[in-house]
Amino acid sequence: MFCVLPCCCTGPLESSCEIANCQMHMNSLKPILPKKQKTPSFQLSARGHWSTWPAFASGQTVLKSHKPCCAPGERMSSNKQALLTIPKPRYLEQLESYLRKELQYLDLTKRNSQELRLQPYREIFEFFIDNFKTYKPLLSAIKNEYEATLAHQKETIHALEPLKAMVATVSEECSQQILALQEKEKVEINMLKQEKQHLLKFIDNMKEEKSSLQTQVEHLQTSVAEEYARYLNEYGARKLLLAKLNDMHNEQLNMKRHQVQDVKGEDVVKLTLALKIARQDLTKAQLKLNAMIADYGDVVPRRDFESLEKKYSDLQQEMETLRKDFDQLRKEYQTLLEIQRETAEERDNFFTELQQAQRSCTPRPNWAKCSEVIPGGADRWGCLAEGKTSDQLVDVLLEEIGTGLLQEMNVFPGWGKGDKVPVYLRHEGEVKNKKLTKKDVVSILKDIWKQKIALEQQTGKRPVLPEFFLSYLQKKYGDTSAMEWSYTLYENMRLCPSNHVMSSFYDILTGKVGEEQYHIQNQLISNLQKELAACDPSNSGSLTSEQFRMAMREAFPLKRQDSIQELIDASRYKLDCTEELIDYKSLFKEDEEGNPEPFVAKIRSQYIREKQEYLRELRNNLGDLIEVNAEDLKAAFCTIDPDIDDQTLDTYVGLAYQVGREQTDQEVVPVDTALERLLAGDVRRVGPAAREESKTDCVEE
């Protein structure tokens, strides 16, 4: 006989005693299992082996009898049928019921809920060990190994709990140290800013002291000249006085001699001899006196000489210092004369242009009449015409008329499929007009820039804008509608030159300017935003005029003082003159059509103007050349911009010749062509110009 039990046993029972023994062990579970449950009965399989009861079997059916001599295939099919009809053992049901009740009684909200949950499973496993004597050693060994492993894991967990607390403590300490370092850096930054202000004041004081010393030197030079003239006058007067004294002394001697002759009547021969000897002595004395006067007439006392010598050395040092300052002032004066000459030439040119304009100009039109035909009336026309010149108003009016006509068009004529037609306009036949608004066009163009920049960052390569423009439209709207969107966007961009987003995209798309200009202008604006945010540690969104000026100087170190002032005036466009704080965050906002604030527009216009001035200096340096080679162009760049590096120089030259670096030495292009190519690319001054430095110094002094 073989016992059918819910375990892995496969060995036969030798006698009915073992069956009884197994029955006795199971009866011993009655006090542990819930009441009103019968002791699980044992069932034997048809062949006498341990039952492999399937979990999905339900119900109880009677096994069909089969012949002992049947074929093996038939026996296997009958065994499978028997397995499918075997009911679930009641002992297994009792154990599962006991486990479910024990688990329901547990409080799983406690901290050691997992250990409590493990206890019923231990008891069930002990029932198995106690009831099945044959496998008790193996099952006990398995249980002991699991218990030892669990105990080891508990010890490991208890050992790691202090480490967890220590990690939390160390993390908190590190966070506090980071905060302390940040506070310390803020204090150091504030101290450095204060020191900077102190040094600026010290420089101003030194400049004032220099001016005062220069005034003293001029006064001392005047005093020295007066002293020298007085000494010359005294020298001449002294010589005249000595000559007069000698004449008076001779006259007195002659008078005394005549008186003695008249009174005594001495011997004439004796007197004649005495007179002759006296005259000889007088002649010797006169010669000696004249020699002494000639030799020692210019001699002064040693004390006066040393005093004058010391004073002379001091004056000489001051004179050398003043001479150096004078040379520097002379150079600056020459520079200012050159600037004044150029300014006078510009003034004369402007005056000539003004006279020509006055002769050829017509009376200023009444632009208020345009509000009657512009959609939106006077309010919209007032917003469009605010701060614009007559030429700009003509562009606005043409733009409004063109967009109005564009909305009335239903189709566009195709450009054909020739090689000279851009890839995004190659179509034959008519193309449907999508009739987009400015807001829709600006939104699509911004999304194109966003997708293109993301692709560049992902691949590391910059795709050509016309091809990317067409692929973007094909991917988003399909190949059939791509040309409709392309023609609609192109015509809207062509008719709206006053909108920066549309005009810049159109210029780059048609090849008038390089794509680098768009990225460089955005980078300049982004750098300025970072500098303004750095000057506002409290993130209040407002800065004083002085803080705003310092941030502008840090972001644009090469800009002239007048350009900085233009940007400051543009930032205060909507503020009263009495307001001190500048809301710098509002300066970078855009309206729904992508038009920026006057501040951002001024930055972009200054970028174009500075590039034009830079190329104008380059043209003047090239002189009367009609064609230029790479070496001459490099020399001209180095002359007007001494701080330019070799990499930037090669980039500019390659941009002018539009060939590789290895071919620039053999190329010669017209000067006007090279300047047009440079104007279309990103060309900027690398270092400050000498003229601008001297001019800035003069303004500061």
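Guide: The following conversation sets values from this predicted model against the definitions behind the terms.

Visitor: What makes up the chain as a whole?

Guide: The chain has 21 helices and six strands. Buried residues account for 27% of its 701 residues. The accessible surface is about 48,300 Å², and 55% of that surface belongs to carbon and sulfur atoms. Of the contacts between residues at least 6 apart in sequence, 64% join residues at least 24 apart.

Visitor: Why is Ser571 called buried?

Guide: The term buried requires a relative accessible area under 20%. Ser571 has 6% relative accessibility, and therefore counts as buried. This residue lies in helix 16. Leaving aside residues up to four places away in sequence, Ser571 touches Phe548, Ile582, Leu587 and Phe599.

Visitor: Why is Asn539 called exposed, whereas Lys435 is called partly exposed?

Guide: Exposed means over 50% relative accessible area, and partly exposed lies between the limits for buried and exposed. Asn539 stands at 53%, so the word exposed applies. Lys435 stands at 36%, so the words partly exposed apply.

Visitor: What is noted about phi in Lys435 and Asn539?

Guide: Phi of Lys435 is near 55 degrees, a positive value in a residue other than glycine. Asn539 is not a glycine either, and has a positive phi of about 55 degrees. Most residues other than glycine have a negative phi. Lys435 is placed in the loop between strand 2 (430-432) and helix 10 (438-459). Asn539 is placed in the loop between helix 14 (515-534) and strand 3 (542-543).

Visitor: Why is the contact between Arg341 and Glu338 called a salt bridge?

Guide: The definition asks for a side-chain nitrogen of Lys or Arg within 4 Å of a carboxyl oxygen of Asp or Glu. The closest N and O atoms of Arg341 and Glu338 are 2.2 Å apart, and the pair forms a salt bridge. The two residues are three apart in helix 7 (residues 302-360), which means that about one helical turn separates them. An α-helix has 3.6 residues a turn, so residues three or four places apart point the same way. Arg341 is partly exposed at 37%, and Glu338 is partly exposed at 33%.

Visitor: Which parts of the chain does the salt bridge of Arg609 and Glu566 link?

Guide: The side chains of Arg609 and Glu566 meet at 3.4 Å, N to O, in a salt bridge. This pair links distant parts of the chain, with Arg609 in helix 17 (residues 598-622) and Glu566 in helix 16 (residues 561-571), 43 residues apart. Arg609 has a relative accessible area of 28% and is partly exposed; Glu566, at 27%, is also partly exposed.

Visitor: How are the two residues of the salt bridge between Asp682 and Arg684 classed, buried or partly exposed?

Guide: Their side chains meet in a salt bridge of 3.4 Å, N to O. Asp682 has 17% relative accessibility and therefore counts as buried. Arg684 is partly exposed, at 34%. Elsewhere, salt bridges that share partners join Lys452, Glu456, Arg462 and Glu515 into one network. The structure holds 23 salt bridges.

Visitor: Why is helix 12 described as largely enclosed?

Guide: Of its 17 residues, 14 are buried, so helix 12 is largely enclosed by the rest of the structure.

Visitor: Where does UniProt place the feature "coiled-coil region"?

Guide: The unreviewed UniProt entry places this feature at residues 189-223 and 305-339. In the model, residues 189-223 are 100% helix and 0% strand, with end C-alpha atoms 51 Å apart. Residues 305-339 are also 100% helix and 0% strand, and their end C-alpha atoms lie 49 Å apart.

Technical notes
Residues are numbered from 1 along each chain as its sequence is written. This is a predicted model: local features need pLDDT of at least 70, side-chain atom pairs count only at pLDDT 80 or more; totals for chains, interfaces and linings use all residues. Side-chain values use heavy atoms; hydrogens and water are left out. Buried means under 20% relative accessible area, exposed over 50%, partly exposed in between (1.4 Å probe, protein chains only). Helices (H or I, at least four residues) and strands (E, at least two) are DSSP runs, numbered from the N terminus. UniProt positions are given in the numbering used here, feature names are shortened, and annotations may be inferred rather than shown by experiment. Contact means heavy atoms within 4.5 Å. Accessible areas come from the Shrake-Rupley method with a 1.4 Å probe; for residues, only the protein chains shown count as cover.
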